[in-house]
Amino acid sequence: MKEFLRHILESKLNEDVSRRRFIQGAAGLATLTVLGAPAMAEEKKLGGPLNFLGWDGEHGGNVAKEFLAKNNIQMQASFQSAADEALTRFNTGGRGSMDILTPNKDFQRAILAANTELFQPLDMARIPSAQGLFPAFKDAPWLTRDGKTYGIPMIWGDEPCVYNPAKWDAMPEKYTDFADPKYKGELVLLDDPFGNIWLFAKSLGMKEPNRLTAAELEQVVEAMLKVKPNVVTIGASHGDMADVMVRGDASLGIGGWAYQTLIAKDKGVKLVVGSPAKDGTFFWSDAYALAVDAPNVDNAYAFIDFITLPESNAALAKELGSGCTVEKAFDLIDASVRDIYPYDNVRQPGGGILGTQIVVPPQNPEGDIVGSAAWVEAWQKFKVA
Amino acid sequence: MTATTGTTGRWGEAGVVARPLLPASLFYVVFFAVPMLALFVLSFWRANGFVLIPDLTFDNYEKIATSSLYRVLILRTITVGFITAAIVVPLAFAVSYVMRFVFETRGQVILQLILLSLFSGYLVRIYAWRTILGKQGLLNSTLQWMGLIDRPLEFLIYSNFAIVITLTGLLLPLAVLPIYSAMSNISRDYLEAARDLGAPAYTLIRTILVPMALPGLRTAFAFAFLLAAGDFVTPTLVGGTQSLLIGNVIADQFRGIGSNWPLGAALAFVTIGIVLTLYFVVMRLIRWVTTW
């Protein structure tokens with residue numbers, strides 16, 4: 001019984017960086033051109049179920065519809081509300097019933113670094129379309145371990161400041177500059193402990209913003225508290241942040257999402273993107289991964305290969321309002337979506353800035369370096385203060 | 001087989017009563033009692049990164065007892081719960097009175113209209129309040145249009161005020177139901193007799209209406225206080241930067257990197273304990289006031 005309870009309750013991880021919650025809603029409503037299935041004849045026998053557990057929309061419900069039908073694959077999709085849900089299900093009886101997962105960059109990095117069993121290494125020979133990925137995504141460090149690849153990125157983006165140009169000409173140089181009283185009643189943050197603490201740690205000049213001592217963490221919270229009087233509210237998700245700005249309750253979002261500008265445009269409000277020049281911002285990416293003991297491996301490989309084709313990837317990126325990960329997909333995306341992401345960052349090999357940038361802290365303390373629980377508590381103290 | 005055993009079986013009268021309760025009881029045991037027990041056991045465990053370690057430690061409870069963070073949050077949560085209940089219950093009482101005794105023939109129609117609001121989703125209703133209370137919302141725009149204010153009243157949204165107003169709007173229909181139901185059983189004759197004997201309105205309320213509607217009031221208070229104290233969506237969406245409640249922190253402990261399920265479980269049980277204790281104290285007080 002004890003062992004059973006332990007399995008039931010064991011696990012956890014990474015909450016969504018709440019852009020996801022918006023995607024969940026937006027993707028459900030989006031309609032897109034359904035792409036034709038490629039002529040690639042699958043050598044392996046396809047058909048039957050394909051179990052998906054990931055973010056809503058990333059199952060390619062619209063994009064892969066024809067491909068799935070043609071190959072008689074029944075997509076059985078269930079959607080997560082937090083990144084750790086896959087691990088929870090895996091450890092609570094889901095092992096052997098899960099095929100495709102869609103971890104984000106930091107969750108996958110944390111799982112691989114911790115040697116936690118969840119993802120199986122991919123046979124890249126079975127995903128030839130992955131050759132078309134942008135250089136940054138081919139050998140990205142958050143996707144690889146011991147020379148093996150564990151994920152195929154499908155979308156990416158950054159978290160810049162999003163602001164109303166009628167109120168602000170430009171962003172200040174640093175995040176700490178938002179403490180200026182001129183921003184009073186104008187700021188909205190995202191409820192994301194790691195993103196916010198990381199940005200302010202970087203702004204304070206800390207060399208490794210994801211590896212902080214207790215004293216440094218306190219210093220960061222103090223800096224954030226100086227900004228707090230100017231903050232109107234803390235958005236539950238990127239969609240919620242956009243809503244706050246569209247309503248005119250705030251005019252500047254920190255740690256936003258470029259797609260918020262398109263959401264606002266649809267509602268007749270002009271928002272633009274721009275981050276503090278000295279501090280910049282951080283990047284995210286989601287990937288397709290294969291669960292350990294996946295029961296429908298052939299279907300899963302065929303799906304991942306299909307969805308990584310330029311046409312599929314472009315359609316998916318457009319549907320989810322995100323950056324595409326396949327080089328040839330770039331030209332297939334409308335400029336309205338394409339131009340809001342800084343693609344220079346993914347044209348470099350080795351993950352580019354996405355690879356070197358680690359936003360989440362270590363899961364457990366490492367010597368003087370505090371673990372993620374301390375960050376969460378610091379964020380709660382910031383919110384309570 | 002006797003007639004008696006034929007109708008009640010070997011379980012006797014108690015069995016006749018218990019059998020219909022069995023499905024619901026079983027449901028509650030499986031889907032409520034067992035998970036709560038698991039959560040209680042979990043509150044004595046430890047978390048180490050992604051791994052939960054079975055243990056029998058009081059560290060989580062000690063942390064809650066010694067941390068000013070949680071004390072502040074629990075106090076704030078209880079305050080919001082009480083204030084909300086203190087507004088919702090009298091309002092619901094007044095609405096129920098009007099439905100029962102003033103517009104007696106239209107009571108059911110009014111009730112249906114009140115219940116209509118429950119047909120819209122919980123989140124939709126919260127966003128509707130955001131539309132009403134926002135800087136450029138309905139209320140501020142109207143007040144500015146009427147020339148009563150020069151600039152938007154910022155306290156209306158993203159504040160504890162907004163939480164209480166929104167929760168009041170959300171919970172009022174739920175509070176009206178039990179009170180109206182209880183008042184339906186109060187005969188108008190009692191009120192008229194009391195009035196004829198010269199009882200002022202206050203005495204009439206304290207000695208007739210409240211005692212006779214007490215079961216409904218009790219349920220309404222439970223709905224308003226417990227649901228307000230346990231809510232974490234409303235504070236998130238209309239609460240602003242000073243309105244984090246204990247529910248938000250408990251939710252944080254169960255999701256994301258850095259979460260701590262055992263601490264979350266302990267926080268949940270401490271909150272349940274405090275809230276239930278206060279609930280019973282208030283029930284005692286109401287009983288005492290109405291029999292005094």
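Predicted model: local features only at pLDDT ≥ 70, side-chain atom pairs only at ≥ 80, totals over all residues.
Which residue in β12(A) does Val162(A) stand opposite? Residues are numbered from 1 along each chain as its sequence is written, while chains are lettered from A and ligands numbered from 1 in the order in which they are written.

**Stop 1: a sheet in chain A**

The residue facing Val162(A) is Val273(A). Strand β8 (residues 162-163) of chain A pairs with β12(A) in the antiparallel sense over 2 bridges, where pairing requires that DSSP finds at least two bridges between the strands, and where helices (H or I, at least four residues) and strands (E, at least two) are DSSP runs numbered from the N terminus.

**Stop 2**

Now select residues 48-54 and 73-79 of chain A, which are strands β1 and β2, running parallel and joined by 7 bridges. Asn51(A) has Gln76(A) as its bridge partner in β2(A).

**Stop 3: Ser129(A)**

Ser129(A) is in the loop between β4 (119-120) and α6 (135-138) of chain A. It counts as buried because it has 20 C-beta neighbours inside 10 Å; the class needs 20 or more other C-beta atoms within 10 Å of a residue's own, with exposed meaning 12 or fewer, partly exposed in between, and C-beta atoms placed from the backbone. Leaving aside residues up to four places away in sequence, Ser129(A) touches Asp305(A), Thr308(A) and Leu309(A), a contact being two C-beta atoms, placed from the backbone, within 7 Å.

**Stop 4: helix α11 of chain B**

Move to residues 214-230 of chain B, helix α11, whose 17 residues should span 24 Å at 1.5 Å a residue, in agreement with the 23 Å between its end C-alpha atoms; the expected span is 1.5 Å times one less than the number of residues. Its buried residues include Gly216(B), Leu217(B) and Ala224(B), and among the elements covering them are α4 (68-102) and α8 (160-183) of chain B. Ala224(B) touches Thr84(B), Ala85(B), Val88(B), Val89(B), Leu171(B) and Ala175(B), not counting residues up to four places away in sequence.

**Stop 5: the nonpolar core**

Ala224(B) is also one of the residues that touch the most other members of the largest nonpolar core, which holds 175 residues. Such a core is a set of buried Ala, Val, Leu, Ile, Met, Phe, Trp, Tyr and Cys residues joined through C-beta atoms within 7 Å. The largest share, 14 residues, comes from α8(B).

**Stop 6: Ile110(B)**

Finish in helix α5 (residues 107-116) of chain B, where Ile110(B) is found. Is Ile110(B) buried or partly exposed? Ile110(B) is partly exposed, because 18 other C-beta atoms lie within 10 Å. Apart from residues up to four places away in sequence, Ile110(B) touches Met99(B) and Phe103(B).
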